Amino acid sequence: MDQQESSVRHRHATNPSLDISTAERDEKTTNGAVKEQGGKVAPDAVKRRQSSSDGSAGWMAMLTKPVDPLTLAVFRFLFGAAMVVHIVRAVLTQDVIEANFQDFFPETNFHYYFAMNVWKPPVDVTWLIFWACAVSAGLLSIGFLYRLASLSFLFLFTYINLMEKARYNNHYYLYVLVSFLFLITDCHTSFSLDHLIARWRGKKNERTVPAWHLYIFRFQIFVCYFYGSIAKMNYDWVIRGEPCKTWFYRVEPIRQLAEMVVPVEYVPSVIGYFFSTGGLAFDFLIGFMLLSQTFRPMGFLLTFGFHLTNHFVFKIGTFPWVMMATNIIFIEPETASKIPILKSFAYSAYPKSNDEKKTKISKLCRPLLVLLFCYVTAQCLVPFRHWLYPGDVNWTMEGHQFSWRMMLNAEDVVLRTLIRPQDGAEVVHTGYQLNARQMKRMITDPEMILQYAQYLGREHMQTTGSPASVRLDMWRSLNNRPFQRWVDPSVDLTTTDYWAFHYAWLEPQLPDSALDFSEMDRIRAEARDHGKMASFFMDKPGGVFKTTLQAGGPCSNVTLLAVSGDVTVQVRKVHTPVPVGTEFALPATGGFHRVRTGGDGPAAVWAYLHDCSPGHFHDAMMMTSMDSWEL
């Protein structure tokens, strides 16, 4: 470096006419620095800024490059048509308005915590809202008054679902998100009535859209699949094959096909692991396959097989058809333009002016960038919010919604609601003013349970003028486990803080170490051979289960079988220990009995063997379940 400095000075000395600024600039350059306002900026820093700028420009170019909107337009058409079918079917064939939006209590008293004061319109207005929503979906489908149609459908469909929390469904959540994406994108610049009208009027309109319009839809569908696979990565789904073992074994064609391939005793396990493993692998891989040009055709075949199976097995409405329709947005626009039925609508089919032939790289405005960043961030983080709550989300259900946790659990709940007036005896509440959908949702949603219990307390105060406590004797069976306590029966839910971050009145799940699932399967099979059914219960040591059996019903022969741990049955004042593996005949005359549990293990397990259906058995116990509700 000293030699370089000497060379600069020598040049200046031998050529006095050399401008001093030139010499200084040469010196600064050879020293590897450019002085600016008394400071120095290294060339590496300049290069880093240039590299960063180039990278930013590269991302911007990728997001804003013009693409043919044909695939988005076709998806818009299919989605809007599916929403018309969804709404019209709900109104005309499923009696949704009569069942969910009448003028008495249950219709709109279940609310989301973030929408507690949603206005409840009269039933006549509700009819109009549904039909207006269907019209908006139709306009969205044909691409007429596109922006107004997408805004009105987004608002009305969201409002319909906010009116009643019992209507929550991951599918409806996806529909809301997709309608929002339609609102902020230009999916009407092709294959739409708006586009045809603009051409007829000779009005110049855009025939391409920025690529981010397409990418944001692909991102949303990828999230739906991928986070669904993450939710399936749990002990029951991977290790036990549940609840697929329970669900698909009941499908006779699947069971008969499996019996042709494997021995009968292995059929439930083979069916369970086949569908659980296949479902997990499908959700995990399908997003990547749809994004890959190499594996995309195979991905299309798999999506059709997967969603058609769901349609015929679970009867889940329009969702399978909407998801099959999303395949179109993963087809490259250039490829879609070659499909005969779509060729005339493709961008390449139009003559282009010289201005249109020039590729323009625009920039996303800052508000739009912020909106997209917030949207993408929320979709990536919200599904993990259940980690903020203690316990397994599949047991507590806290953080379960808006997280793509779809079709994960087989649940049974038995419930006895106990109301004790301030100066009176405790009574069993039986007049549930709920429809079947609300009952099914409430018994698996802690927030809705608390809303209903506090409603009962308010109703008692209004009718009698005195307060009353409301307690729940509530037992839950998760994925073919025994029923175990889900709600602390000693807690008066009318005094519980509704806005608490975590509901401490939920009982923790008992460990599986107390269970022998193969033994439970053996007991069920043996009970079937004797014309009976087995209902399993479990409780921690020191627990007491007080229940009854009403005489004169269809359950005339009920015995209690001790499966594990210390089980003692109390009938009136007589305490009878029941050794493991032996049965205790409950009195045919009915009456109350108590089951007391003890031992050194984490839990004791017992089974009721009854000669009636589960619904009749729960009814005889003066407990409510979905089986007894449907009697």
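These are my notebook entries on one protein chain.

Entry one, the whole chain. I began by noting that the model is predicted. I counted 26 helices and 16 strands in the protein chain. I then looked up burial: of the 631 residues in the chain, 49% are buried. For the accessible surface I have about 31,500 Å², and carbon and sulfur atoms hold 61% of that. I also checked contacts with a separation of 6 or more, and 73% of them join residues 24 or more positions apart.

I looked up the largest nonpolar core, which has 77 residues. Phe75, Phe79, Phe182, Phe217, Ile329 and Trp404 touch the most other members. Helix H10, residues 211-231, gives this core its largest share, 11 residues. Another core, of 32 residues, lies apart from it, and I noted Ala166, Ile419, Tyr503 and Met626 among its members.

The unreviewed UniProt entry carries the annotation "transmembrane region" for residues 70-92, 127-160, 172-191, 211-230, 270-292, 312-331 and 368-388. I looked at two of these spans in the model. Residues 70-92 are 100% helix and 0% strand, with end C-alpha atoms 33 Å apart. Residues 127-160 are 91% helix and 0% strand, and there the end C-alpha atoms lie 11 Å apart.

Methods. Residues numbered from 1 in each chain as written. Predicted model: local features only at pLDDT ≥ 70, side-chain atom pairs only at ≥ 80, totals over all residues. Heavy atoms only, no water. Core = buried A, V, L, I, M, F, W, Y, C linked by side-chain atoms within 4.5 Å. Buried < 20%, exposed > 50% of the residue type's maximum accessible area, 1.4 Å probe, protein only. Helix = DSSP H or I, 4+ residues; strand = E, 2+ residues; numbered from the N terminus. Contact = heavy atoms within 4.5 Å. Areas by Shrake-Rupley, 256 points an atom, 1.4 Å probe, with all protein chains shown as cover. UniProt positions renumbered as here; feature names shortened; annotations may be inferred.
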